[in-house]
Amino acid sequence: MRLSWTAFTELLRCTLLGHLRNRLALVLAVVFIPVWIAVARLCTSDEVVRIWLDAISAPVFTRASQVAQVASALGAVTLVTGFITFTETFQSRQVDRRLLLAGYPRLPMLLAKLAAVALTAALLAFYTTILLWISLPVRHAGSLGLALAGAGLAYGGIGLLLGSLVRGELEGFFLIIMLSLVDTGLQNPVFNTLMDVAGVSALPLYGVNQLALSSALTPHIPWSHGLLSLTWSAATGALALLVLHSHRPSRSPWPRRSRVQAG
């Protein structure tokens with residue numbers, strides 16, 4: 001138990017330091033999120049639109065620019081969290097392999113990466129909630145922050161899985177960007193109302209999108225919808241553990257080499 005806890009804390013520290021060394025990720029987190037929210041505010045009209053929210057089973061009349069800002073914030077958080085997690089996981093493959101060969105257990109390694117995803121998502125959600133609070137008349141900042149954190153958890157788990165699975169860095173970036181763009185686009189209630197898109201409830205951002213819009217624009221807080229992102233995070237984390245178990249060794253090769261030399 002002591003070895004597992006030591007491995008977890010040390011790997012968590014190394015993972016967080018890896019995030020801090022990623023300067024591009026830090027720039028995206030600090031600059032890209034507020035710029036993307038500002039672009040949504042400036043490029044969308046203030047015309048009042050009618051949107052339907054499944055979470056409260058009722059229509060909502062609000063400004064199109066407010067809907068766009070919440071949707072853009074979710075999209076920015078997913079992109080940044082997915083990018084940060086994927087980059088660190090992909091670039092630490094060789095280090096992780098050496099640690100496993102040295103006898104580090106797999107489970108604390110993955111739990112440390114998941115804990116780093118959770119901390120990253122929480123920090124980005126807090127920062128983004130402040131930005132939206134400044135830009136919008138937010139009704140419920142706490143539940144909005146939880147929705148943003150849920151979005152980060154969902155795509156952080158996807159980044160963790162892709163970082164353990166894909167062969168090329170460009171492939172992972174492309175998959176994260178395309179999935180996030182498709183997801184946020186289809187979750188936009190204005191677009192979905194006009195096109196009546198089916199199957200959006202199966203996408204990672206469905207629950208947190210409903211919770212974020214309801215928290216920001218209505219007096220209702222549909223807490224149950226926020227739990228859907230935890231399902232996605234748990235599923236992708238379990239798949240990442242399976243990939244780690246299948247493709248990375250756990251026992252040192254030195255005993256085997258010693259036996260070969262002795263023979």
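## Helices α6 and α7

The axes of helix α6 (residues 141-165) and α7 come within 10 Å and cross at roughly 155°. Axes here are lines fitted to C-alpha atoms, for helices over the stretch in contact, with angles running from 0 to 180 degrees between N-to-C directions. Helix α6 is therefore roughly antiparallel to α7 (angles under 35 degrees count as roughly parallel, over 145 as roughly antiparallel, 65 to 115 as roughly perpendicular and the rest as oblique). The crossing of α6 and α7 is right-handed, a term used if the near helix is turned clockwise from the far one by less than a right angle, and left-handed if anticlockwise.

Which residues meet between the two helices α6 and α7? From α6 come Tyr155, Ile158, Gly159 and Leu162, and from α7 come Gly172, Leu175, Ile176, Leu179, Ser180 and Asp183. Contact means heavy atoms within 4.5 Å.

## Basis of the model

This is a predicted model, in which local features need pLDDT of at least 70 and side-chain atom pairs count only at pLDDT 80 or more, while totals for chains, interfaces and linings use all residues. Residues are numbered from 1 along each chain as its sequence is written, and side-chain values use heavy atoms, with hydrogens and water left out.

## The chain as a whole

The chain has 11 helices and 2 strands, in the order α-α-β-β-α-α-α-α-α-α-α-α-α. Helices (H or I, at least four residues) and strands (E, at least two) are DSSP runs, numbered from the N terminus.

Of the 263 residues, 48% count as buried (under 20% relative accessible area, with exposed over 50% and partly exposed in between; 1.4 Å probe, protein chains only). Among contacts with a separation of 6 or more, 74% join residues 24 or more positions apart.

## Gly150 in helix α6

Gly150 is found in helix α6 and, at 5% relative accessibility, counts as buried. Leaving aside neighbours within four places in sequence, Gly150 is in contact with Val208 and Ser229. The C-alpha atoms of Gly150 and Thr78 are separated by 9.4 Å, although the two are 72 residues apart along the chain.

## Aromatic pairs

The chain has 4 aromatic pairs. Rings of Phe, Tyr and Trp (its six-membered ring) pair if their centres lie within 6.5 Å; planes under 30 degrees apart count as stacked, over 60 as edge-to-face and the rest as tilted. Phe83 and Phe173 form a tilted pair, 5.2 Å centre to centre with 35° between the planes. Phe83 lies in helix α3 (residues 64-91) and Phe173 in helix α7 (residues 169-187), 90 residues apart.

Phe83 counts as buried at 15% relative accessibility, whereas Phe173, at 23%, counts as partly exposed. Together with Phe86 and Phe90, Phe83 and Phe173 form one aromatic cluster.
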